[in-house]
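This report covers one protein chain, first as a whole and then residue by residue. The sequence and the structure come first.

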Amino acid sequence: QPDSGGGFFYLPDEDRFRDPSTGERNAAYAREAGSLASCAARRTVSASDMAPHGITHLITFSCTGFYAPGVDLDVVRELGLPDSVERYHLGFMGCYAAFPAMRLARSICMADENAVVLIVSVELCTLHLQAGKETDELLAASVFADGAAAALVTARPPKDRSSFQLEAFHSALATDARDAMAWTIGDSGFTMTLSSEVPRVVQREVGYALAPLWERAGVTREDMAGWAVHPGGRAILDSFASALQLPDGSLNESREVLRGYGNMSSATVLFVLDHMLRREAPSGPVTAVAFGPGLAVESALLRPVA
């Protein structure tokens, strides 16, 4: 910022960028992640008909930092959740982590109809900005952003607001693409590899990856009333739409989130779903998809509940 005396990455007196150590970057994550996660969680609970003391389970997920006691306990303390709340943390899964979180929450609620599960993502991707000159490094830096999101999962639909029923999930791995997307720890933060080949891999693989999900749910691509695709980048969305021959406008919510917020890793697809619910809910089933290291393709079939 102007006249701020410099920042985390820039030294104005020397007119150069600095390269903070992994320890410095992670210390900043530990200072900021808990409050950001708690803010998202508080807004979600406040907008519902649930009380904090009624939440039985908490699932947090993040891939941009570590500390203990962690984000989960920060959320418990800041929201005043019961000490007895069951806590789970999904770490270092990348952009698709919301799907295992939703799947775990669904399993908990199927086992206990009285369960109320709060899922919370927080990602501080910009802490890991790299001052490199390689194309893949610049591509990753230009796309990623910071954000947090939360959702409540219960066996009972909320009153007086739209929601989604979590009907089915599917996990797949793209063939011969293990190194196309990777997230490793270096001496100067976490290094994100986002190959320029990823859009082509998505175009080649996405139809095969989603077919088992639709078969399990008894639907077809033509039945879809909405698409919640993780916006890893504009080229990825374009490749997805091309592969499935989607009409113009099918990925509007994903494109709007990318344009307005960037790729916030695991929080992003929850932003897309929120955009859908804030408008007129889709009239039929929705396919939600995210891609992550591996190259993993995680998907879910959601049905709107008025």
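Gln245 sits in the loop that runs between α6 (234-243) and α7. Helices here are DSSP runs of H or I with at least four residues, strands are runs of E with at least two, and both are numbered from the N terminus. The model is predicted, so local features need pLDDT of at least 70 and side-chain atom pairs count only at pLDDT 80 or more, while totals for chains, interfaces and linings use all residues. Residues are numbered from 1 along each chain as its sequence is written, and side-chain values use heavy atoms, with hydrogens and water left out.

**Backbone exceptions**

Most residues other than glycine have a negative phi, and most peptide bonds are trans. Gln245 has a positive phi, near 55°, and is not a glycine. At 64% relative accessibility Gln245 is exposed; the cut-offs are under 20% relative accessible area for buried, over 50% for exposed, and partly exposed in between, with a 1.4 Å probe and protein chains only. Ser265, also not a glycine, has a positive phi of about 55°. Ser265 belongs to the loop between α7 and α8 (268-278), and with a relative accessible area of 2% Ser265 is buried.

Two cis peptide bonds can be described as well. One runs from Ala68 to Pro69, with omega near -5°, and Pro69 is placed in the loop between β3 and α2. Another joins Gly294 and Leu295, with omega about 0°. Leu295 is in the loop between β11 (286-292) and β12 (296-305).

**Cysteines**

Where is Cys63 found? Cys63 is in the loop between β3 (57-62) and α2 (71-79). A disulfide is a covalent bond between the sulfur atoms of two cysteines. Taking a disulfide as a pair of cysteine sulfur atoms within 2.5 Å, the count is zero. Cys63 is in no disulfide, and the nearest cysteine sulfur, that of Cys125, is 6.0 Å away. Cys125 is likewise in no disulfide, its nearest cysteine sulfur being that of Cys63 at 6.0 Å.

Contact means heavy atoms within 4.5 Å. Leaving out residues up to four places away in sequence, Cys63 touches Phe92, Met93, Gly94, Glu123, Trp183, Phe190 and Ser265. Glu123 is 60 residues from Cys63 along the chain, yet their C-alpha atoms are separated by 6.7 Å.

**Buried residues**

| Residue | Relative accessible area |
|---|---|
| Cys63 | 3% |
| Cys125 | 6% |
| Ser163 | 12% |
| Glu253 | 16% |

Ser163 lies in strand β7 (residues 163-173). Neighbours within four places in sequence aside, Ser163 is in contact with Pro157, Pro158, Leu277, Arg303, Pro304 and Val305.

Glu253 is in helix α7 (residues 252-261). What does Glu253 touch, not counting residues up to four places away in sequence? Its partners are Val272, His275, Met276 and Arg279.

**The chain as a whole**

The chain contains eight helices and 12 strands. For 306 residues a compact globule would have a radius of gyration near 19 Å, and the chain agrees, with 19 Å; the radius is taken over C-alpha atoms, and the globule rule is 2.2 Å times the number of residues to the power 0.38. Along the principal axes, the C-alpha atoms fill a box of roughly 60 × 45 × 30 Å.

Buried residues make up 50% of the 306 residues. Of the contacts with a separation of 6 or more, 75% are between residues 24 or more positions apart. The accessible surface comes to about 14,500 Å², with 49% belonging to carbon and sulfur atoms; areas come from the Shrake-Rupley method with a 1.4 Å probe, and for residues only the protein chains shown count as cover.

The chain has 25 positive and 37 negative charges, and their mean positions are 3 Å apart. Lys and Arg count as positive and Asp and Glu as negative, without His and the chain ends. Each charge is placed at NZ of Lys, CZ of Arg, CG of Asp or CD of Glu.
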